[in-house]
Amino acid sequence: MNNLHIHPLPALRDNYIWIIHDTVHAAIVDPGDATPAMAFLQTQGLQPIAILITHHHSDHTGGNRQLLEQFDVPVYGPTQENISSITHPVQEGDTIQLQSLALTLNIIEIPGHTRGHIAYYGSSQQKSILFCGDTLFSCGCGRIFEGTPQQMFDSLQKLAALPAHTQVYCTHEYTLGNMSFARTVEPGNDDLRQLEIRAKQLRQRNLPTLPTDIATEKACNPFLRCQYPEIINSVKQHTGKTLSEPVEVFTELREWKNVF
Ligand code: ZN
Ligand code: FE
């Protein structure tokens, strides 16, 4: 895994298409738009070997048809979602082997944003990588469109349990917006303040704030911190409700962010 490059391609309004490559072969994660993907493959001289899909939304799948007209590659994606271009449906516990990249990825089911949303997780002795679509963002999480708050909470907990050094490749550049909400909810978080300074510097230079990692998210992401007193108190003040269970705090936090 150490010889692999993982490159963000800005696409649509604020999406990233992640290209995993070894300078010869490439896997394409969530191609919402074929145009930037094709251009990158061509200028870098990369041969696509697979498309990986996390969930059915068009900003993650919209480029499939055009890519498949050009390249005959397998398309991996969730069994539980109706995505016509998928050739290899996968589910929790499945493992996929991208042989030409010498990369093995495990499938983790993380429902909530959509019913069948999956993540791709790879680990070696030195490194772990996670492609988590619209479930975990830097300092935020996806909206709950199809699942329940409990499902989303459980999915996020599942990701938070991965090794701390796991590099997290999210599919949207939502970091600064997420941070202003996170700061409102947990103004006393110094790690968050430091991270926001760095993120602003990156965005000023038009650079991605991603990948993030699990340790950073556990330190800064309010949706992974629903057991901390400052967050519980903020939610209590905002809603006027007395909440104790982390999942209740999470549910109110997500609602609050929806209208923030
Ligand atoms: Zn989505
Ligand atoms: Fe999306």
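User: A pocket is an open set of points on a 1 Å grid over the protein atoms alone, where a 1.4 Å probe fits, with protein on both sides within 12 Å along at least five of seven lines. How much space lies in the largest pocket?

Analyst: This is a predicted model, with local features needing pLDDT of at least 70 and side-chain atom pairs 80 or more, while totals for chains, interfaces and linings use all residues. Residues are numbered from 1 along each chain as written, chains are lettered from A and ligands numbered from 1 in written order, and side-chain values use heavy atoms, without hydrogens and water. The lining (residues with an atom within 4 Å of a point) has 14 residues, with H113, F137, G142, R143 and Y174 closest to the centre. Volume is the space filled by probe spheres on points joined across faces, edges and corners, and for the largest pocket it is about 220 Å³.

User: Which residue coordinates both the iron ion (ligand 2) and the zinc ion (ligand 1)?

Analyst: Donors are N, O and S atoms within 2.8 Å of the metal (3.2 Å for Na, K and Ca), and water is not among the atoms, so sites may look incomplete. The iron ion has the protein donors D59 (OD), H60 (NE2), D134 (OD) and H172 (NE2), at 2.1 to 2.3 Å. Their spacing along the chain is D-H-x73-D-x37-H. The two metal ions are 3.2 Å apart, and the residue that coordinates both is D134.

User: Is H172 buried or exposed?

Analyst: Buried means under 20% relative accessible area, exposed over 50%, and partly exposed in between (1.4 Å probe, protein chains only). D59 has 19% and so counts as buried. H172 has a relative accessible area of 4%, so H172 is buried.
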